[in-house]
Amino acid sequence: MKSSKFLPTAFSALGLLFIAPLVPAAEQPNILFCIADDASMITFGAYGGKMIETPAFDRLAKEGAIFQNAYNCNPKCAPARACLVTGMYSWQLKEAGNHFPHFPGEFKWYPHLLMEEGFHVGHTGKGWGPGTFEGEINPAGPAYNEETLTPPYKGMHPINYAANFEKFLDGKPAEKPFCFWFGTYEPHRAYEKGSWKKAGMKLEDAEVPPFLPDNEIVRGDILDYALEVKWVDTQLGKAIQALEERGMLDNTLILVTSDHGMPFPRVKGQLYEEGVHVPMIAYWKGVIQPGRVIEDFVNFPDVAPTIMEAVGLRPHEQMTGKSFLDVLKSEKSGQIDPERDHVLLGKERHDIGTANEDGTDLSYPVRAIRTKDFFYVHNIKSDRWPAGNPEFGWRNTDGSPTKDYLTALKPGDADYKFYEMSFGMRPEEELYQIRKDPHNLDNLAKDPEYQPTIKKLRDRMERQLTEQKDPRMLGTGDVFDEYPYVGKQLDYSTGEIIGQGKSKKNKAKK
C-alpha cells in the first residue's frame, strides 16, 4: 500500500503536519541528499573552518541557506542514518536505535516511498549502515557503485561518487524526478598517516579543540582528517557540476550534512556538542533565498518529512519528525519558527565492549536536550563506561594515533586529564552553559544555582520522550541491550575479535 498521496489540503489526516500545496508531477523538484561520514561542522569554511578550503560547500551556503542549529539525534552512523531515512527518533526505532543492528522491516524509508511514487531513486557510497536490513535494496535506495577511481591518498574509498551520480542521472527517464543519496565514506577512518605532509599542509594549520591535547601527534591526525573532508568537498563540487551540465540544478533541492562529528575521542559516538551538532546546507534556486542564516533547531528526524513535503507528498504516518519546509521557504534569517527552540538527543548501544557484572554488550544509554542556552545530559547508566570498557579497548572510539596517545597516558601524566575527558566515567547528570562553554568542559550539574534549570530541562525532555514512547521512559529500556549486534564480536576473556555476528533475519551486508 502506498503511504503518501498528493494533497491540496492544509493538514494531514492526523492534523499534525503542514502539507505542501499540490505539486504537479512535471513540477516536482529533484532531491539530492549529500552526507559525509564523520565530518565536524567546524571543519567547513562556511562554519569558520580555516584548515582547508571547501569551495563547493561554501558556494551552496552562499547561494542557499546555512543552518546554525542542525543536530543528528544520535551520534553514530547507523542510528543517525536510521533517523534520516525514517523520519523518526532513534529511541522509536527498536533495533535500529543501536549501531550495527538489523533494521526491522516494519519501518518505512523515504527513498523507497518515493520509488513507489514514481521517482528515479538511487544512492552511491555509504547509504544506511552499518547493519542488515530487509530485502535487497539499501534503505537509501538502489546502489550505484560501479564506477571507481584511484583516490589521491590511501584510506580513501575507491568509489567514484560523482561518476556514479552521473551514471544515475543519465539513466533517468525524462519524465521522472529523481531522489539521490550521495554518501561519501570520507572522512571516516582509516587515514594515510602523514598524508597532510604530501598535501603541503603545516602542523600550525591544525585546529585543535580544547578537549584534546595540543601536540604533533594530534595535530597531524587532525590534518589527515581535514584532507579527507576536502576530498568530500571535491566530490560535492563534481556532483553540482553534473547537475549544471544537464540543466537540472535549477529544479533540485540539495541538502548537505554529515552523520556526526569527526572520528576522534570525545566526539564521534558521544553526547557532547561536537558529536551531535552537524553541518547542514540547503539549496533550492528560486525557493530558498540566497545567503540566509537559519537559527531554528532542526533534527535528523525532520529531514524525511521535509523531503516528502517538498515534492508535494504527505509524510508517512510513522514520521514523528516535523518538516522544516516552511523554514526553507521563508525569506527571513534568524529564528523562523519560535517552537524550534530545542532538540532531543540520545544514544543506546553503539559498538560492543561495554560490560559490567550484569552482562556484556550493554548499552550506554543517554538522553539529552539542547536549547540555545543549555545542554543538559542524563547518563542513565552512569556506572558503565561511556566509550567502552578499557579492558576491551574502548571500542566506542575509533582507533587512531590520537586514541593511542590518550590511552597510553597514566595518572600523574601532564595530559592525563584529556584521557579522563574522553574515556573516563561520567556523572549521572551534566549541564553546560553552551554560549560560554561550547566545548562542554565545565559541568554545572552540582551547582545549587542551576538546580531549577536542570529540573525544568529534564521535565521538558522526559515529558516529550514519554509522548514519543521512549522505552527508557516506560521502564522497558533494557530491551536495547537484548537486540542482536550484527558486526564483529569480541572474546571477553581477551578483548580480541572472534567472529562476525549475524542477524537471525538476514545475513550481514557490507
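Reader: Which residues point one way from strand 7, and which the other way?

Author: This is a predicted model, in which local features need pLDDT of at least 70, side-chain atom pairs count only at pLDDT 80 or more, and totals for chains, interfaces and linings use all residues. Residues are numbered from 1 along each chain as its sequence is written, and side-chain values use heavy atoms, with hydrogens and water left out. Strands are DSSP runs of E with at least two residues, helices runs of H or I with at least four, numbered from the N terminus, and buried means under 20% relative accessible area (1.4 Å probe, protein chains only). In strand 7, all being buried, one way point T252, I254, V256 and S258, and the other way L253, L255 and T257.

Reader: Which residue of strand 7 is the bridge partner of F33?

Author: Strands pair if DSSP finds at least two bridges between them, and strand 1 (residues 30–36) runs parallel to strand 7, joined by seven bridges. Within strand 7, the partner of F33 is L255.

Reader: Why is the pair of F480 and Y483 edge-to-face?

Author: Rings of Phe, Tyr and Trp (its six-membered ring) pair if their centres lie within 6.5 Å, and planes under 30 degrees apart count as stacked, over 60 as edge-to-face and the rest as tilted. Both F480 and Y483 are buried. Their ring centres are 5.9 Å apart and their planes stand at 80°, so the pair is edge-to-face.

Conventions
Buried means under 20% relative accessible area, exposed over 50%, partly exposed in between (1.4 Å probe, protein chains only).
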